[in-house]
Amino acid sequence: PNLALVNIQLAGRDDGIALAEELKAMGVPSLFISGQVSRARSAQTFAIGSMPKPYRTTEVVRAVDYLLRRLRGEPTTAPPDGLEVFSGEADGAAPIAA
């Protein structure tokens, strides 16, 4: 996958942060989709950004498009409302600070 959308609070006892860490080790960047904004920020080394709940579907689609363009080094427009892009390197890609 080019990008994984990861909820921090997964069903059962699974933790989305641990999943994002595993995905990063496999070279798959993650976008946290969560109402737990502070947890997402504290785990930003494992994801390239965060989109808080509640969100509009159109904004998530725009966020995915924006992040994929950034990862490919393509020109982008302004990030969509609600998207927090974490600074730093995304699995070897250039930094994607918003």
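Is E59 buried or exposed? Select E59 to begin: this residue is buried, with a relative accessible area of 8%, where buried stands for under 20% relative accessible area, exposed for over 50%, and partly exposed for what lies in between (1.4 Å probe, protein chains only). The model on screen is predicted, and local features need pLDDT of at least 70, side-chain atom pairs count only at pLDDT 80 or more, while totals for chains, interfaces and linings use all residues. Residues are numbered from 1 along each chain as its sequence is written, and side-chain values use heavy atoms, with hydrogens and water left out.

**Stop 1: salt bridges**

The whole structure holds seven salt bridges.

Next select D15 and R39, whose side chains meet in another salt bridge (3.2 Å, N to O). D15 sits in the loop between β1 and α1 while R39 belongs to helix α2, so this pair ties together parts that are 24 residues apart in sequence. D15 is partly exposed at a relative accessible area of 28%, and R39 is partly exposed too, at 32% relative accessibility.

Then move to D65, R69, R72 and E74, which are linked in a network of salt bridges. Within this group, the side chains of E74 and R69 form a salt bridge (3.7 Å, N to O); E74 is partly exposed, with a relative accessible area of 31%, and for R69, likewise partly exposed, the relative accessible area is 31%.

**Stop 2: helix α1**

Select residues 16–25, which make up helix α1; helices (H or I, at least four residues) and strands (E, at least two) are DSSP runs, numbered from the N terminus. Colour G16, I17, A20 and L23, which are buried. Looking down the axis of α1, you will see these buried residues fall within an arc of 120 degrees, so they line one face of the helix; the arc is that of the directions from the helix axis to the C-beta atoms. On the face turned away from the buried side, look for the exposed residues E22 and A25.

To see what covers the buried residues of α1, show elements including β1 (4–6), β2 (30–34) and α2 (37–42). Just after α1, stop at G27, which takes a positive phi of about 85 degrees.

**Stop 3: the sheet**

Now show the strands, which form an open sheet of four in the order β1-β2-β3-β4, with mixed pairing. Its edge strands are β1 and β4 (84–85), each of which pairs on one side only; two strands pair if DSSP finds at least two bridges between them. Helix α1 packs on this sheet, touching β1 and β2, and its direction makes about 170 degrees with that of β2, where axes are lines fitted to C-alpha atoms, for helices over the stretch in contact, and angles run from 0 to 180 degrees between N-to-C directions.

Zoom in on β3 and β4, which pair in the antiparallel sense over two bridges, and find G49 standing opposite V85 in β4.

**Stop 4: S50**

Finish at S50 in strand β3 (residues 49–52), which counts as buried at 3% relative accessibility. Leaving aside its neighbours within four places in sequence, S50 is in contact with L31, F32, A40, G82, L83, E84 and F86, contact being heavy atoms within 4.5 Å.

Key. A salt bridge is a side-chain nitrogen of Lys or Arg within 4 Å of a carboxyl oxygen of Asp or Glu.
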